[in-house]
Amino acid sequence: MTIYTQKAGVNTATLGLMFISGCFATMAFDLWGQVVSPGLGFANLSPHGLAKSLFGALGLPNGDFAGYFMHFYLVGLIGYPVGWLFVFKPLWDRVIGTDVHWLVPATLYGFGLWVFAIGGITAIAGLPFFLNFTGITWVALVGHVLYGIVMVAVMVWLSRSKV
């Protein structure tokens, strides 16, 4: 099954792949950040809070609904999967090649998501750089890497081919 092609663009199979893999990855991220991590005595992630801060810094409505909508739908189901399928993975394949197991680029992609979200978006939202490297920073690192791995694992499983 072809997941996407450069000429054809996004098709319904690609959209389904993005939404399903993004849903599972977001659930894994939230399970880690809001159940497992606090249960182990570490920080509790609140990604909708970062989204609310970003909206507020941009002068947009920043209620709870807006934060959750941004976190789950715009980022988890659309933004991060698009980044993988149409930016990171094609660049990876062109520069590194396709002979590397999917786990390696998926892990690096998750690390990049962490740098983007906790290093970049927090600064735009007016929060401290990398949240001052407090406990939430490291819980977010694990969460973003987990997101990348789960998202790509689901894509690979659903497509039954290299993604």
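How far apart do the end C-alpha atoms of residues 136-158 lie, and how much of the span is helix or strand? I looked this up first: the end C-alpha atoms are 32 Å apart, and the span is 100% helix and 0% strand.

**Ground rules.** I am working on a predicted model, in which local features need pLDDT of at least 70 and side-chain atom pairs count only at pLDDT 80 or more, while totals for chains, interfaces and linings use all residues. Residues are numbered from 1 along each chain as its sequence is written, and side-chain values use heavy atoms, with hydrogens and water left out. Helices (H or I, at least four residues) and strands (E, at least two) are DSSP runs, numbered from the N terminus.

**Record.** I checked UniProt, where an unreviewed entry lists residues 12-32, 65-87, 108-130 and 136-158 under "transmembrane region". Such annotations may be inferred rather than shown by experiment, and the positions are given in the numbering used here. For the listed span 108-130, I noted end C-alpha atoms 18 Å apart, with 74% helix and 0% strand.

**Helix H3.** I compared the span of H3 (residues 64-95) with that of a straight helix. After H3 comes glycine 97, with a positive phi near 110°.

**Leucine 85.** I placed leucine 85 in helix H3. Its relative accessibility is 0%, so leucine 85 counts as buried (under 20% relative accessible area; exposed is over 50%, partly exposed in between, with a 1.4 Å probe and protein chains only). Valine 152 is 67 residues from leucine 85 in sequence, and their C-alpha atoms are 9.6 Å apart.

**Histidine 144.** I placed histidine 144 in helix H5. Histidine 144 counts as buried because its relative accessibility is 6%. Leaving out residues up to four places away in sequence, I listed its contacts (heavy atoms within 4.5 Å): Phe29, Tyr80, Gly110, Leu113, Trp114, Ala117 and Ile118.

**Cores.** I looked for nonpolar cores, sets of buried Ala, Val, Leu, Ile, Met, Phe, Trp, Tyr and Cys residues joined through side-chain atoms within 4.5 Å. The largest has 27 residues, of which Trp84, Ile118, Tyr147 and Met151 touch the most other members. Helix H1 (12-39), H3, helix H4 (103-124) and helix H5 (135-159) each give two or more residues to this core, and H5 supplies the largest share, nine residues. A second, separate core of eight residues includes Leu50, Ala51, Phe55 and Met70.

Conventions. The expected span of a helix is 1.5 Å times one less than its number of residues.
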